[in-house]
Structures are given as structure tokens and as C-alpha cells.
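Here is a structure to walk through step by step. Keep the sequence beside you as you read.

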Amino acid sequence: MKNSKKTLEFKFERTIPAPPGEVFDAWLDPKIPGNPWNAAEKLVLDPKIDGLFYWLLKGTSHYGRFTEVERLGRIHHTWVSQNTLGEESTVTRDL
Amino acid sequence: MLGMDRLTDVLTAISHPTRRAIIGQLANGPARFLDVAKPFDTALNAVTKHLKLLERAGLIERRKHGREVLISFRAEPLRQVAGWVHEYERFWNERLDQFEQYFKNKRRRRRSDEKL
């Protein structure tokens, strides 16, 4: 949020009936329905530490940088769009 | 759609417990400034500052009734914030429903293959 360091956090939890490694692979595969990348109208995705992504959804561009990519643990990346007003928000997916 | 600047104003306004208490109080009906300030153990100018932030966010309005000024609560900005939050909730829940379904279908296929 502009002029503020307060954070707003959204947390979604889901039990997926599959082993963590399989879920990890599916989460980063744009062909799998339901992961965020699959919704993209245009996508550039390089899911490794310091890898970047470009995600176009409903005409809005989103950019980010992967900061943690652990197959059996956490995927963490930054998230920037016109709605973040130049600030980096973050997305974390824990297995 | 709620603009980001307006959203920031509303979220800032509701981030403080005293301002949320003022909203709770005014949700029962309009009140005069001194009545609004009465329950709080803070200086009147601190209450004035809280009211200014609430007013900037569109959460309260002041109206003159004869010689008195009545402060009343406006719920619309809170409804807009709820709508904004709901958009994210809907997007991610729909995605996760599809993601979960993908694995359920995969497991079902695997089981039927095993039976063959």
C-alpha cells in the first residue's frame, strides 16, 4: 500500500491428494489446470532462484522474481503489478 | 471498482482500534462530537485526528442539524473493501478447486488403470 509499511496478508490453505513432489511439479507446470500460471494469457516463467516471470492476466501485466524454490518445502516469489504501486508484494506457497 | 488510493485510505482508517471503535459506535446511529469522544481515554484533538482519517476514507460524514453537527457512519467504503477482498478470495479458491480436481482426476484414472 502507498505510503505505508503495513501489510495485508491473504492466506489460502488446501489439502491436495498427492505427494509433495508431485504437487510441486504441477504447481510450476503452466499446462496443469488450477495453478496460477495456467490462467495466463501470456507467460514467461523461469522458476529458479533469481529466475523471473511475466504473467499477463485480463490485460494486466504482473512481474516477479523467485526467491525460494524448494521442491519439498516452499516456493516464494515477489509480485509486482499496477495494483502494487511500484512496491513488491510477495507470494509464498508452502508444501 | 475501488481505486487503490481510496482503498489505501479505507484500510488505513480501519487499521486503528480506536477508529474501529468509533465506527462501531456510529453504526448505532449518528452522534455529536463530544458523544463520540466520550468513551475514549484520549485527548479531544486525538479524536479529531481519528475522525479526519475516517472522513477522508468516506467512512463518516458530518451534517449540520440546527446548531449541532451530527457525525454519521457511511458503510459503502467497507462494502467496497469487502468486494475487493472477495475478488482475491474467489480467484484463488477457483484456481485451487481446479488444482485439487486435477489430482483427484489423476488418482481416479490411476485406480481405474490398476483395475484393468
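The paragraphs below take chain A first and then chain B.

This is a predicted model, in which local features need pLDDT of at least 70, side-chain atom pairs count only at pLDDT 80 or more, and totals for chains, interfaces and linings use all residues. Residues are numbered from 1 along each chain as its sequence is written, while chains are lettered from A and ligands numbered from 1 in the order in which they are written.

Start with chain A. Its secondary structure comes to one helix and five strands. Helices (H or I, at least four residues) and strands (E, at least two) are DSSP runs, numbered from the N terminus. Along the sequence, the pattern of chain A reads α-β-β-β-β-β. The radius of gyration of chain A, taken over C-alpha atoms, is 14 Å, close to the 12 Å that the globule rule gives for 95 residues, so chain A is as compact as a globular protein of that length. That rule is 2.2 Å times the number of residues to the power 0.38. The C-alpha trace of chain A spans about 40 × 30 × 25 Å along its principal axes.

Now look at the strands. Five strands of chain A form an open sheet in the order 1-2-3-4-5, with antiparallel pairing. Two strands pair if DSSP finds at least two bridges between them. Strand 1 (42-45) and strand 5 (89-94) of chain A are the edges, each pairing on one side only. Strand 1 of chain A is joined to strand 2 (residues 52-57) of chain A by four bridges. Where does A:Val44 find its bridge partner in strand 2 of chain A? The partner is A:Tyr54.

Move to chain B and its core. A nonpolar core is a set of buried Ala, Val, Leu, Ile, Met, Phe, Trp, Tyr and Cys residues joined through C-beta atoms within 7 Å. The largest one has 13 residues, and B:Leu54, B:Leu59 and B:Ile60 touch the most other members. Helix 1 (4-14), helix 2 (17-26) and helix 4 (44-56) of chain B each give two or more residues to this core.

Finally, find helix 5 (residues 76-115) of chain B. Its 40 residues reach 57 Å from first C-alpha to last, close to the 58 Å expected at 1.5 Å a residue. The expected span is 1.5 Å times one less than the number of residues. Helix 5 of chain B is hardly covered, with two buried residues among its 40. A residue is buried if 20 or more other C-beta atoms, placed from the backbone, lie within 10 Å of its own.

Methods:
A residue is buried if 20 or more other C-beta atoms lie within 10 Å of its own, exposed if 12 or fewer, and partly exposed in between; C-beta atoms are placed from the backbone.
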